[in-house]
Amino acid sequence: MAVNSSLNYFKKPVFLSALICVFIFYSGLFNIPDRTASRALIKTEQITEITGIILSSPSRTGNGSYYSATFSLEKAADARNFQSTAKGRVKIMLPAEFAEAYSPGKLFSDSQKKHSGQTFLYEAGGHCTFRGRLTNNVFYIRECTAYEWPSSWRGRLQHLRALCRLHFKRLMYGWGSGGGLLLALLCGAREYTEPSTQEAFRRAGLSHILALSGMHLSMFSAIALFFGNKAGIRKLTFILRISALFGFVWFAGFSPSLSRAFICSLLTIAATIAGAKKPDLLSILCFSFLLQSALCPQDIHSSAFILSYGALAGILLSANLFKRCYSKFCPKAIASSLSAATGAQTFTAPISLKLFGAFSPIGIVSATVVSPFVTVFIYSGLLLILLSLIFPILSKPSGIFINLQYTVITYIVNLFSNVPNFCLKSGV
């Protein structure tokens, strides 16, 4: 019966279209041009100055000396000051002393004295001119010669977002290690998350928890749904859910996995509004894949994009099969969680082996155990943030409670991280 149900998907155009695109994108038989590649009249190796808009919030690289972000080009210049219009996107590498100039606990005062004029809140939406060198579509910044927030409504909105993120970082910094983890879970900024904690999550097969995705988005949607149902107004429920989705992605910023979750959530809500009692989630996933590939072609080769779609496809296609097996010896709730984790791991294991040379089978169990703790951690964190903003005197006690939960979560994660991973490469 399950086989017949799976075969029925091959009769659906959206499913077949997604399969064809997967073959074209990842078979290696087709050359797909990059529509976002940088273009200018100046030779790439001669570009020493770029002007444009920062498209994403800078994120810290592995060694911590640089922050990376996506940058949309408007102009380019060489060492002779020959200028040209430019288009496309490049990856910028922003020195940490520039990116962290306003960050609490990371003030590079001495460096800022040497580079007066570099102090700027580098966030998505900022219009900047950088000098440095361009190598393999990566621009290594030496100095910033001009910056501003555009006076348009979009520029003002982006500036507001940047200020909100900065003040949120300051609040989370005051909460120590627990605040660092909560910051990563709520807005994707990991600069205050301890490296040992990030590594423990990775080895325990829980990297998806730190990467903003459907789990985080569904929690905000659930909050909106709760208040909408309490009000008893159906239209208000939909308005609150959609507002919560837009509010979260606006604050956190789009990433390949969060974009997937956002599109799928909007399509599911649209199907519910249209009267569908049980929306076809696999068809929604396929349509989301096609739509995101068309709107954001730069995402299709991102590991986050591939793993996000692979994991959800695995859950939708095989979770019921695994659930029947687990239900024989597990309570229903645990069986559901284990089956979802198994489906995700089954489909993403080959991808992880190909991309990283390793995968963590223990993630099937660790996700089932850790996810409820993380859910409570996020919900309680949101409540304590609200209380701390209304009653600042509660900020310190809230930090203590958050760190108690953090201690429990990291203890459990560290236990799972000690289980050996399956590796193809030595030293992984």
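Which residues of α5 are buried? The structure examined here is a predicted model, in which local features need a pLDDT of at least 70 and side-chain atom pairs count only at pLDDT 80 or more, whereas totals for chains, interfaces and linings use all residues. Residues are numbered from 1 along each chain as its sequence is written, and side-chain values use heavy atoms, with hydrogens and water left out.

Helices (H or I, at least four residues) and strands (E, at least two) are DSSP runs, numbered from the N terminus. A residue is called buried under 20% relative accessible area, exposed over 50%, and partly exposed in between (1.4 Å probe, protein chains only). By this definition, the buried residues of α5 are Gly155, Arg161, Ala162, Arg165, Leu166, Phe168, Lys169, Leu171 and Met172. The elements that cover these buried residues include α6, α10 (234-252), α15 and α16 (395-417). The expected span of a helix is 1.5 Å times one less than its number of residues.

The loop between α5 (153-173) and α6 (176-187) holds Trp175. Trp175 counts as buried because its relative accessibility is 3%. Contact means heavy atoms within 4.5 Å. When neighbours within four places in sequence are left aside, Trp175 is in contact with Leu182, Leu384, Ile385, Ser388, Ser395, Ser398, Gly399, Ile402 and Asn403. Trp175 and Phe401 are 226 residues apart in sequence, yet their C-alpha atoms are 9.5 Å apart in space.

Helix α15 was examined next. With 28 residues, α15 reaches 39 Å from its first C-alpha to its last, close to the 40 Å expected at 1.5 Å a residue. A kink of about 35° lies at Val370 in α15, shortly before the proline Pro372. The bend at a residue is the angle between axes fitted to the seven residues ending there and the seven starting there. Ser371 also belongs to α15 (residues 363-390). The side chain of Ser371 reaches the backbone oxygen of Ala367 at 2.7 Å. Such a polar contact is a pair of N or O atoms within 3.5 Å; within protein, one must be able to donate a hydrogen and the other to accept it, and residues adjacent in sequence count only if both atoms are side-chain atoms. Not counting residues up to four places away in sequence, Ser371 touches Ile209 and Ser366. Thr368 is likewise found in helix α15. Thr368 is buried, because its relative accessible area is 15%. Beyond residues up to four places away in sequence, Thr368 touches Ile334, Ser337, Leu338 and Ala341.

Empty space within the model was then considered. Rolling a probe the size of a water molecule over the atoms shows where empty space is left. On a 1 Å grid over the protein atoms alone, a cavity is a set of points where a 1.4 Å probe fits but cannot get out, and a pocket is an open set with protein on both sides within 12 Å along at least five of seven lines; lining residues have an atom within 4 Å of a point. Grid points are joined across faces, edges and corners, and a volume is the space filled by probe spheres set on the points. By this rule, the count comes to 1 cavity of 30 Å³ or more. Of the 16 residues that line the largest cavity, Ala99, Ser103, Tyr122, Glu123 and Lys169 are the closest to its centre. The volume of the largest cavity is about 170 Å³, and α5 gives the most to its lining, with 4 residues.

The second largest pocket holds about 470 Å³ of space. Its lining is formed by 17 residues, of which Leu19, Val22, Tyr309, Gly310 and Ala313 lie nearest the centre. At least two lining residues are supplied by each of α2 (13-26), α12 (281-295), α13 (303-326) and α14 (332-356), and α13 gives the most, with 6 residues.

Backbone angles in two loops complete the description. Most residues other than glycine have a negative phi. Asn81, in the loop between β4 (66-78) and β5 (83-87), has a positive phi near 70°. Asn81 counts as exposed because its relative accessibility is 52%. Asn136, in the loop between β7 (127-135) and β8 (138-148), has a positive phi near 50°. With a relative accessible area of 73%, Asn136 is exposed.
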